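Morning, everyone. I have one structure to walk through today. Please have a look at it first.

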Amino acid sequence: MTDDFDVLRQPLTLGALELPQRLVMAPLTRNRADEDGTANALMAEYYGQRAASAGLIVSEATWVSQQGKPYPRTPGIATDAHRDGWRLVTDAVHGKGGRIVAQLWHGGRVGHPDTSGEPLVSASDVAPGELTIFTPNEAAATIPAPRPLALDELPGVVRDFADAATRAIDAGFDGVEIHGANGYLLQQFLSDNTNHRDDAYGGSPENRARFVGELTTAVVEAVGADRVGIRLSPLAPAHEMAESDGGDTYRALAETLRPLGLAYLHLLAQPEDALTAELRTAFGAPLLLNTGFAKHTEREEAISFVADGLADAPVVGRAFIANPDLYERWSQNAPQNETISKLFYASGPEGYTDYPTLADGEAETALGTA
Ligand SMILES: Cc1cc2nc3c(=O)[nH]c(=O)nc-3n(C[C@H](O)[C@H](O)[C@H](O)COP(=O)(O)O)c2cc1C
């Protein structure tokens with residue numbers, strides 16, 4: 001651990017993306033989109049507030065097809081209306097001098113037919129155990145078992161991701177991040193507890209990695225490798241995942257993805273794990289690092305990722321929710337606002353666009369003493 005904030009002041013190149021500094025805002029689902037998944041002016045305000053403080057913003061997870069929509073009021077990038085909604089956001093971010101990539105998502109077995117209007121699909125018919133989910137009708141609905149995607153349906157899902165990537169660039173995003181983490185569809189193919197297929201997409205680590213490899217290749221063909229990153233959470237238990245192959249599927253995936261020359265690899269992992277360092281080398285791309293939900297990412301830890309040579313940039317979630325000017329606060333080692341977690345997935349501006357900046361605080365103080 002060190003307290004050398006200067007390491008985060010250094011610029012960083014991620015493919016076609018030029019970051020003026022290294023504080024990356026994590027993808028954060030906030031459920032403020034319109035019912036049909038269209039991004040809106042409130043979202044544009046939220047992202048615009050944070051744009052000048054992040055070297056790069058990764059958007060909240062954004063579904064590529066109606067089939068892949070896991071939760072109510074999450075945004076999509078599946079239609080022209082979605083594209084136009086996101087344009088409000090990308091214009092706001094660019095207007096503040098920022099950069100933003102779209103996180104492309106399919107929930108797979110995590111979701112509910114009442115939310116998407118479609119049956120759940122996955123690699124195999126394995127339900128996520130005791131997990132319940134928020135739907136338009138229920139706070140804690142039981143999740144039914146998914147239907148395994150047929151072999152001849154896989155190219156359609158791949159195409160949905162490639163089309164969504166093209167639409168994201170049309171919407172003004174600077175790139176896309178493929179969401180391969182946190183137990184959603186892509187990880188359901190990677191993991192042996194959710195992938196029991198006996199075709200070319202299951203069985204061996206190479207086979208389990210095949211779908212994500214083909215999908216990423218298609219996205220790269222659509223928008224160019226220098227605008228594509230991927231987020232992975234190897235061996236992490238989110239959404240009832242239980243990978244038991246010690247990381248071999250990720251090693252196989254690295255072999256497929258390395259020649260593509262992706263803009264970056266984004267890992268949810270522990271910096272001290274040997275697998276983290278091994279995958280960084282195997283992918284051969286700049287590494288963005290976040291350690292996951294167990295504890296908030298603190299300033300000193302984020303600095304240490306870069307200062308200790310563990311990653312190229314830290315990715316920070318909850319602290320960015322509560323502090324739109326997080327970079328300035330960390331730069332000055334100033335106090336931070338409390339994160340109000342009960343408003344993470346609420347509606348409206350409360351707990352979303354109403355967190356004050358340091359400058360707001362000073363203005364209040366000035367008024368108070370006038
Ligand atoms: C409210 C909330 C929403 C999240 N949404 C997403 C998401 O859409 N996509 C994703 O990959 N991770 C998501 N995450 C995980 C974060 O990106 C990050 O990994 C996690 O919050 C740990 O980082 P932190 O300690 O800096 O908050 C979410 C986390 C929170 C708290």
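This is a predicted model: local features need pLDDT of at least 70, side-chain atom pairs count only at pLDDT 80 or more; totals for chains, interfaces and linings use all residues.

UniProt, in an unreviewed entry, annotates residues 10-337 as "domain: NADH:flavin oxidoreductase/NADH oxidase N-terminal". Over that stretch the chain is 35% helix and 16% strand. The end C-alpha atoms of the stretch are 25 Å apart.

Now the barrel. Eight strands form a closed barrel, in the order 3-4-5-10-11-12-13-14. The pairing is parallel. As a reminder, strands of a sheet pair through backbone hydrogen bonds, either parallel or antiparallel.

Strand 4 and strand 5, residues 100-105, run parallel and are joined by five bridges. Within that pair, Val58 has Val101 in strand 5 as its bridge partner.

Next, strand 13, residues 287-290. What does it pair with on each side? Strand 12, residues 264-268, pairs with strand 13 in the parallel sense, over four bridges. There, His266 is the bridge partner of Leu288. Strand 14, residues 313-316, also runs parallel to strand 13, with two bridges joining them. In that pair, Leu289 stands opposite Pro314.

Are the faces of strand 13 covered or open? Both are covered. In a regular strand the side chains alternate between the two faces of the sheet. Here, Leu287 and Leu289 sit on one side, Leu288 and Asn290 on the other, and all are buried.

How does the chain get from strand to strand? From strand 12 it passes through helix 8, residues 274-283, to strand 13, making a right-handed β-α-β unit. Strand 13, helix 9 and strand 14 make a right-handed β-α-β unit as well.

Let's stay with helix 9, residues 299-307. Which of its residues are buried? They are Arg299, Ala302, Ile303, Ser304, Phe305 and Val306. Note the arginine and the serine in that list. These buried residues pack against strand 13, strand 14 and helix 11, residues 326-332. After the helix comes Gly309, with a positive phi near 75 degrees.

On to the ligand. There are 22 residues around it, and those that come nearest are Ala26, Ala61, Thr297, Gly317 and Arg318. What is the shell made of, by class? Ten residues are nonpolar, nine polar and three charged. Strand 4, residues 56-63, supplies at least two residues of the shell, and so does helix 10, residues 318-322.

Last stop, Thr132. Thr132 lies in strand 7, residues 132-133. Is Thr132 buried, exposed or partly exposed? Thr132 is partly exposed, because 13 other C-beta atoms lie within 10 Å. The cut-off for exposed is 12 or fewer, and buried needs 20 or more.

What does Thr132 touch, leaving aside neighbours within four places in sequence? The contacts are Ala140, Ala141, Thr142 and Ile143. Thr132 and Val110 are 22 residues apart in sequence, and their C-alpha atoms are 9.2 Å apart.

To recap: a closed barrel of eight strands, a strand 13 with both faces covered, and a ligand with 22 residues around it. Thanks, and over to you.

Definitions and conventions: Residues are numbered from 1 along each chain as its sequence is written. Two strands pair if DSSP finds at least two bridges between them. A crossover is right-handed if, with the strands pointing away from the viewer, the path from the first strand over the helix to the second runs clockwise. A residue is near a molecule or strand if its C-beta atom, placed from the backbone, lies within 6 Å of it. Ala, Val, Leu, Ile, Met, Phe, Trp, Tyr, Cys and Pro count as nonpolar, Asp, Glu, Lys and Arg as charged, and the others, Gly among them, as polar. Two residues are in contact if their C-beta atoms, placed from the backbone, lie within 7 Å. UniProt positions are given in the numbering used here, feature names are shortened, and annotations may be inferred rather than shown by experiment.
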